[in-house]
Amino acid sequence: DIALLPKIAEYFHVSIDALFKGVIQDENLWLENISDSLETNRKGWNGIADGDWNGTILPSWGVYMADEERLHLLDDLTGKKVLEIACGDGRSLLYCSRKNARELWGIDISDRQLEKARQCLQEEGVTANLFHSPMEVNPGIPEYYFDLVYSVYGIGWTQDLDKTISLVAKYLRTNGTFIFSWDNPILPCIENTNGQYVLKHSYLDELLMQKKRGETVMQTNWKLASYINTLAKNGFKIECLIEDSVSDTGAAYTEKYYSAHKAQYINHSFVLKARKL
């Protein structure tokens with residue numbers, strides 16, 4: 001019965017293609033294609049962790065946008081099993097703990113960020129299962145287990161969007177929720193020129209970029225369509241896409257990448273909420 005194929009694939013933790021072809025891709029061979037970028041990002045985020053960078057943490061979802069206390073995207077976390085992708089220094093997990101989540105799990109590519117996360121959580125008497133690993137690999141996280149997987153300004157650092165989203169789908173139980181936020185992908189295409197915002201780069205190219213506070217880290221500027229189509233491919237239903245902008249209408253023009261003035265013309269961040277079917 002062909003209708004059983006998805007259940008058989010899920011049982012053996014393989015794709016339907018693997019069932020037909022009888023071949024399971026060697027994980028080590030696949031990783032070779034992105035290993036250099038992953039190592040660059042590990043070193044870069046370790047350097048950033050040693051600096052004064054604070055990042056975006058819950059209840060904030062992004063830059064110049066409404067926060068969780070207004071959006072209520074997480075629903076009631078009481079008794080929920082929660083996993084954060086790119087958990088950083090642990091402060092968003094701490095927020096979930098205060099919202100009565102039952103189990104806290106996190107994964108991050110930076111060992112220095114995870115050291116800070118452990119310290120942050122221990123100081124508050126909070127227990128969490130933390131994994132030092134790139135998000136493109138499952139380092140031992142249970143599958144078909146979580147009520148919620150989320151990422152606050154983390155998913156966009158993936159070097160393989162399909163691989164990451166497919167893992168998120170495996171981590172979640174049926175009807176589980178996936179929420180993530182990231183930069184508006186048109187934002188890196190805009191430059192400040194003579195007091196104006198000018199479209200300087202193609203939104204369509206999904207350029208691989210190097211950026212971040214003096215440290216080298218690699219990022220692909222995925223289009224919104226890439227996020228949405230990849231979610232659909234991996235069995236998610238989109239529940240909402242939020243592209244609001246909250247800023248001072250009287251803010252003056254500056255040449256900063258993020259600015260209250262620019263936020264009057266284009267949302268700096270988006271949040272996407274999806275449910276696993």
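# Notes on a predicted model

Visitor: Start with Tyr197. What does it count as, going by relative accessibility?

Guide: Tyr197 has a relative accessibility of 24%, so it counts as partly exposed. The cut-offs are under 20% for buried and over 50% for exposed. Bear in mind that this is a predicted model.

Visitor: OK. Which residue forms an aromatic pair with Tyr197?

Guide: Tyr253 does. The two rings are 5.4 Å apart centre to centre, with 45 degrees between their planes, and the pair is tilted.

Visitor: Where do Tyr197 and Tyr253 lie?

Guide: Tyr197 is in strand E7, residues 196-199, and Tyr253 is in the loop between E10 and strand E11. The pair therefore ties together parts that are 56 residues apart in sequence. Tyr253, at 25% relative accessibility, counts as partly exposed.

Visitor: What else does that loop hold between E10 and E11?

Guide: Ser259 is found there. Its relative accessibility is 4%, so Ser259 counts as buried. Setting aside residues up to four places away in sequence, Ser259 touches Tyr64, Tyr197, Thr254 and His268.

Visitor: Let's zoom out. How many helices and strands does the protein have?

Guide: Nine helices and 11 strands. Its radius of gyration is 19 Å, close to the 19 Å that the globule rule gives for 277 residues, so the protein is as compact as a globular protein of that length. Along the principal axes, the C-alpha trace spans about 65 × 45 × 35 Å.

Visitor: And what share of the residues is buried?

Guide: Buried residues are 48% of the 277. The accessible surface comes to about 13700 Å², and carbon and sulfur atoms account for 49% of that.

Visitor: What about contacts across the sequence?

Guide: Take the contacts between residues at least 6 apart in sequence: 70% of them join residues at least 24 apart.

Visitor: Which residues do ring pairs link into a cluster?

Guide: Trp45, Trp53, Tyr153, Trp157 and Trp182.

Visitor: You mentioned E10. What is Ile238 in contact with?

Guide: Ile238 lies in strand E10. Leaving out neighbours within four places in sequence, its contacts are Ile228, Leu231, Leu272, Lys273 and Ala274. Ala274 is 36 residues from Ile238 along the chain, yet their C-alpha atoms are separated by 4.3 Å. Ile238 is partly exposed, with a relative accessible area of 32%.

Visitor: Now helices. How many residues of H8 are buried?

Guide: Eight of the 11, so helix H8 (residues 161-171) is mostly covered. Among the buried ones are Leu161, Ile165, Val168 and Tyr171.

Visitor: What covers them?

Guide: The cover of H8's buried residues includes strands E1 and E4, E5, helix H9, E10 and E11.

Visitor: What is the phi of Asn100, which follows H6?

Guide: Positive, near 75 degrees. Most residues other than glycine have a negative phi. Ala86, in the loop between E1 and H6, has a positive phi of about 60 degrees. Glu206 has a phi near 50 degrees and is found in the loop between E7 and strand E8.

Visitor: Last one. Which peptide bond is cis, with omega near 10 degrees?

Guide: The one from Leu58 to Pro59. Pro59 is in the loop between helix H4 and H5. Most peptide bonds are trans.

Notes:
Residues numbered from 1 in each chain as written. Predicted model: local features only at pLDDT ≥ 70, side-chain atom pairs only at ≥ 80, totals over all residues. Heavy atoms only, no water. Helix = DSSP H or I, 4+ residues; strand = E, 2+ residues; numbered from the N terminus. Rg over C-alpha atoms; globule rule 2.2 N^0.38 Å. Buried < 20%, exposed > 50% of the residue type's maximum accessible area, 1.4 Å probe, protein only. Contact = heavy atoms within 4.5 Å. Areas by Shrake-Rupley, 256 points an atom, 1.4 Å probe, with all protein chains shown as cover. Phe/Tyr/Trp six-rings, centres within 6.5 Å; stacked < 30°, edge-to-face > 60°.
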